[in-house]
Amino acid sequence: MNYGKIINHYIYSCLLVNKEWCHLVVPILWNNYPSYFINVESREKFFNIIISCLSTSSKQLLFDNNIRLSQTILSKTPAFNYISLCKFFNGEILTYIMRMVFKEEFLIKVDSKKVYLFLREMYKLFISQCKGIKTFVWDTYEPLLSFPGALTFFSQLYSLKINLWFIDSNSLYRMSQICKDLGELIIENCSQDIPGLTSLIDAQRNLKIVSLEFKIMDGSCEELGTCEELSKALARRGCTINNLTLHDSVDVIPHSFLTSLVSLKYLGIYYDCESYERNIEFQKYLEISKFPDLQSLEIKDDLLCFKKLAMLIEKTKGNISNIYIETCNESAENTGMLLNAISNHCPRIENLVTYLGPNDLIYVKLLLMNCKNLVCLNLFGLNENSDIGDELLDILIKFSPKCLIDILISGYWKYSIGVFVNFFESYRGRKFCFNISDVIEYITKKHLNVVKYYFDEGIVTYSNLLNYIKL
């Protein structure tokens, strides 16, 4: 049931009560971008209202350039300044509107001059009229900062996402003079130091969330970028940044700034470039960093060092609730050391995704005994066929907390039918999700029948093994 749809339906009906109610309800309806449309016609009506808010001069400019708008849009003046009520603006809106205006032309081939002209007038409309936009995606060549109302529009932003393919250093510097109260900054396609970006980061008074996606221009890990000034700028904001996400940073930016992020609560690092030297540099700074208030850790690393992660976790204050680890390194060592660190230093953990070696079962027992808030547990194998399956299930039967309702274990391990049944029977009176990862080499038809039986009993709510059963 779409409760948002129902609520909006009742709010919409209030428009018809009287004029006073109408003036109260219209700002509510236009505060957020609609999460649904009844049909294509209702969506086009919504977009036509937006276009109708264009100034007379903008409408005339579009008409003079053979951009055909409906007669209703050209002749009718809106009852409200709807755009001034909006608290939303994103590229998706403009894409839909352009598809509607240019129709099939937009999908095949349209005069780019028309598209850019129309796009520019739409940007001018929102920037000049919207006074309370908090989130904005900057991914256009248009000189937005020169448009009327830009000072007010951009000075009130909380979240700014920038695609550096479109934005030059001068524009970033100009933005730094206007926009000083960002709480969130998302950067895409960063490959080298940009003075304007450094200025923008330095200008922020209370920057909390930073996400950086780096891009090696030729796609090669051998041609390393240089973002030393960016690293220094991040270090200077170390006391305020509490949420950091890095994509493919290992081959571009020096990670010395990590040691300055003393307030970090969320850390996400994702990369898949096998550059051993740069990986050592990253591991070095990760090892000596301290994030005492860390609550969530997500690492995807092809050359992951479990020992370094264990040492990092040992320096936290026990507030971590989420850990997600992913690696393609089948020869990784010290998986047990990480599990041991989590067991002893993460009593509040709720979600754990990591790897289990053949000698790590003692740490699983310790984990289940110490971490009573565990809801989701995913234990992957490192391409090791092993007979630890039954012992693992026995530990899960005896020590799993009642709240553990989402379990994934590796298909590299063997599970006898008797213990398999006992494991599912231990969940009678509860409901849980059960999945097998990696391979299902040791999962037989008997295993599948067990899962199907407990699914029919209502104990298993979902299992990927059900996909292998001919229903």
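Student: What makes Arg 120 and Glu 142 a salt bridge?

Tutor: The term asks for a side-chain nitrogen of Lys or Arg within 4 Å of a carboxyl oxygen of Asp or Glu. Here the N to O distance is 2.5 Å, so the pair qualifies. Arg 120 sits in helix 9 (residues 112-129), and Glu 142 in the loop between strand 1 (135-138) and helix 10 (150-155), 22 residues apart. Helices (H or I, at least four residues) and strands (E, at least two) are DSSP runs, numbered from the N terminus.

Student: Why is Glu 142 called buried?

Tutor: Buried means under 20% relative accessible area, exposed over 50%, and partly exposed in between (1.4 Å probe, protein chains only). Glu 142 has 8%, so it counts as buried. Arg 120, at 34%, is partly exposed.

Student: How do you know that Asp 387 and Lys 414 tie together separate parts of the sequence?

Tutor: Their side chains form a salt bridge at 3.5 Å, N to O. Asp 387 is in the loop between strand 10 (376-380) and helix 18 (389-399), and Lys 414 in the loop between strand 11 (406-410) and helix 19 (417-425), so the bridge joins parts 27 residues apart in sequence. Asp 387 is exposed at 59%, whereas Lys 414 is partly exposed at 37%.

Student: Where do Lys 452 and Asp 456 lie?

Tutor: Both are in helix 20 (residues 445-456), four residues apart, which is about one turn of the helix.

Student: How many salt bridges does the structure hold?

Tutor: It holds 12. Glu 425, Arg 428 and Glu 457 are linked in a network of them.

Student: Which element has the lowest mean pLDDT?

Tutor: Helix 1 (residues 3-13), with 52. pLDDT is the predictor's confidence in each residue, from 0 to 100. Helix 12 (residues 195-203) has the highest mean, 98. For the protein chain the mean is 87. Where pLDDT is low, the predicted coordinates should not be read in detail.

Technical notes: Residues are numbered from 1 along each chain as its sequence is written. This is a predicted model: local features need pLDDT of at least 70, side-chain atom pairs count only at pLDDT 80 or more; totals for chains, interfaces and linings use all residues. Side-chain values use heavy atoms; hydrogens and water are left out.
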